[in-house]
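My notebook is open and the viewer is running. I'll jot things down as I look them up.

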Amino acid sequence: MTSHQMTSAARPAPSRQAIFIGILLVLALAAPFATYPVFLMKGLCFALFAAAFNLLLGYVGLLSFGHAMFFGWSAYITAHAAKEWGLTPEIAVLLGALCAAALGAVVGWLAIRRQGIYFAMITLALAQLMYFVALQAPFTHGEDGIQGVPRGRLFGLIDLSDTLNMYYFVLGVFVLALFFLHRVINSPFGQVLKAIRDNEPRAISLGYQVERYKLIAFVISAGLAGLAGSVKSLVFQLASLADVHWHASGEVVLMTLLGGVGTIFGPTAGAYLVVTIQNFFASAGSWVTIIQGSIFVVCVLAFRAGIVGVFVPFLKKRGIDA
Amino acid sequence: MLKKALIGAAAATALMAGQAQAQFSDNKIKIGVLTDLSGTYSDLAGKGAVVAAQMAVEDFGGKVNGVPVEIVSADHQNKADIASSIARKWYDAEQVDAIAELVTTAAAVAVREVSKEKGKIDLVSGAASTPLTNDKCSPTGFHWTYDTYALANGTANAVVKNGGKTWYFLTADYAFGHNLQAQTERVVKANGGEVKGAVRHPFPNSDFSSFLLQAQSSGAQIIGLANAGADTINAIKQAKEFGITQGGQSLAGLLVFITDVHSLGLETAQGMQLTTGYYWNRDDETRAWSKRWSARMDGKMPSMVHAGTYSAVIHYLKGLAAAKTDEGVKVADQMRALPIKDASGFAVNGKIRADGRMVHDMYLAQVKKPAEAKGPWDYYNVLRTIPGDEAYQPLSESTCSLVKK
């Protein structure tokens, strides 16, 4: 868990960092003209989901195995709010994210009392509980899910049913959320989180109220996972059981580990890799999971720090924080 | 290469169809068969439906007014989200003009939403639920093969009239199961029967023991199986092991496909009554088509979903030829106007209504005793032909917004 690139406090030269971010942004802005936009949006949603998860695993050292409950439930809430209550997309998305954060506060409050495998099991158990609520609650429509969710008009002005508008909306949400995460990680609060990750008893002895820090991190992570789920329900105009299922919790772990845990862009790379595999091998049906598994095994054996993790030392030398 | 082919196709089209070719976008007709290729329903739909769609294209000559027709297929794994994203990708990025088959209500409804939004045609064959032609109806959506209303009118009617007055339901816990149960309850109650209760099982499910015990202790004469495919097969097999059928209660499979009977074997399935939209061994026409299909499917025989997919796809191609465009609404109008007749012998007295329902004759069949079967797949005695207007929900009861009242 403790690798030098995460703990390094050296500030990179802003110019090179700025160029690096700039190139990425230009690529992201131009991407929908070269690739199928819905695919890109799906990737962005999962990338945000993985980035939120990464805050817990990479910077607090907590492996949550129930993040799908935030992702899936916020999708249901946004879908319901947009379809049944006719709320505008930005309010529906915010509502979804807030509900996920509130759910995160309850789940986190229960779960952070334990560490390691026990923490993972508690989150998994609560996520399964929420899954069955989603299966039986009338407003989620069980196996059918909430379908035909209207994308609506952003701020009552911009028509999101246009794919390009929707893409830039998703991209905007993603960039803002990633920037927020970046600020959280590099703030004094983030430093305390890392201290807790590296040595919890020492953080306690220094006088930090560890549980409070963990809970706040958990709530932020849940809220951002919820934000990803909310946006996804608007992209696909659908909220379904697949997003609350534990497979989604497992997938986000896979994405984060493949991309590089504890890096800013790792989860994004991992998310796109997994989504691409799913897309590319879609005709292979249930073989997709086997292919994913094999790639995961290869990654773990070949480059443990993840795809981005491998390049981090190289980039760091050139003053770029990835 | 591609350029040459395109020029060739364009030239050929220009020769054959005059000005018409300009109306077919991207000079290609693409039909997507979206089905369950690996799961619970892969036998009754699955690869067989892809083969049926290919046969329809070949029988039509592979071209519509000189424009080549192509079939693509994908596995939706019975999940709404996968079905929806594949449909979106097909329509947006892969120039698919229509989607056919669509087993599983959740997947069909998901695709229906996307198709409606994009103005593309969907040809539902495998899914059963009535909302597809009620509140989820679409000007470019068709429900071809059967539905829960017709199933209940056939099977439940027959069972209640034979004395099965008290019912208990074993229901797959998703929209299709709920819908089938509700439709059956309607028929049971209308005939003076009584519903003692229901238990819902997860979908898909393999262990029915606790549900069957509840059904047994209800004391109902009839245990109605409001599920389908492998779920029905497992429930019937396990009911036999529990001695439920020997104990005097009977099972009513509310949706049974010929592939299910094949899996169960005549020994287990004999005597069961069922409603179907197609039986391969009904007349010379159905036999001839089914044998062609069978030759490509390792000797299996087609279910009504397979024949329905063929019939729907070939009718869609006729609609394209008549409309001289691939614009969804115009093709749908032509499809409603054209008579339905094809080589499979599927749509007897078929007609398409304003709500998208393809109304055709249904058959009440009884599974043969092992001694009666004259050969492989010779499974049904057709007891009665149910005229389409009697089998299906009357248009006056439809809640579809397209029906003028």
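Before anything else, a note on domains: the bounds I use come from an automatic or database domain assignment.

Ground rules next. This is a predicted model, where local features need pLDDT of at least 70 and side-chain atom pairs count only at pLDDT 80 or more, while totals for chains, interfaces and linings use all residues. Residues are numbered from 1 along each chain as its sequence is written, and chains are lettered from A and ligands numbered from 1 in the order in which they are written.

**Entry 1: the domains of chain B.** Domain 1 covers 2-146 + 283-356, and domain 2 covers 149-276 + 362-387. Taken over C-alpha atoms, the centres of these two domains of chain B are 30 Å apart. How many residues of domain 1 of chain B are in contact with domain 2? I found 14, and they meet 21 residues of domain 2 of chain B. (Contact: the C-beta atoms of two residues, placed from the backbone, lie within 7 Å.) I sorted the domain 1 side by class and got seven nonpolar, six polar and one charged residues. For the classes, Ala, Val, Leu, Ile, Met, Phe, Trp, Tyr, Cys and Pro count as nonpolar, Asp, Glu, Lys and Arg as charged, and the others, Gly among them, as polar.

**Entry 2: strand β14 of chain B.** I picked out β14(B), residues 362-367. (Helices, H or I with at least four residues, and strands, E with at least two, are DSSP runs numbered from the N terminus.) Is β14(B) mostly covered or mostly open? Mostly covered: five of its six residues are buried. (Buried means 20 or more other C-beta atoms within 10 Å of a residue's own, exposed means 12 or fewer, and partly exposed is in between, with C-beta atoms placed from the backbone.)

Then I checked its partners; two strands pair if DSSP finds at least two bridges between them. β11(B), residues 273-276, runs antiparallel to β14(B), with four bridges. I noted B:Thr276 bridging to B:Tyr363. β15(B), residues 380-386, is also antiparallel to β14(B), over six bridges. There, B:Leu364 has B:Arg384 as its bridge partner.

**Entry 3: chain A.** I counted 14 helices and four strands in chain A. Its radius of gyration, over C-alpha atoms, is 19 Å, close to the 20 Å from the globule rule (2.2 Å times the number of residues to the power 0.38) for 322 residues, so chain A is as compact as a globular protein of that length. I also noted that 48% of the 322 residues in chain A are buried.
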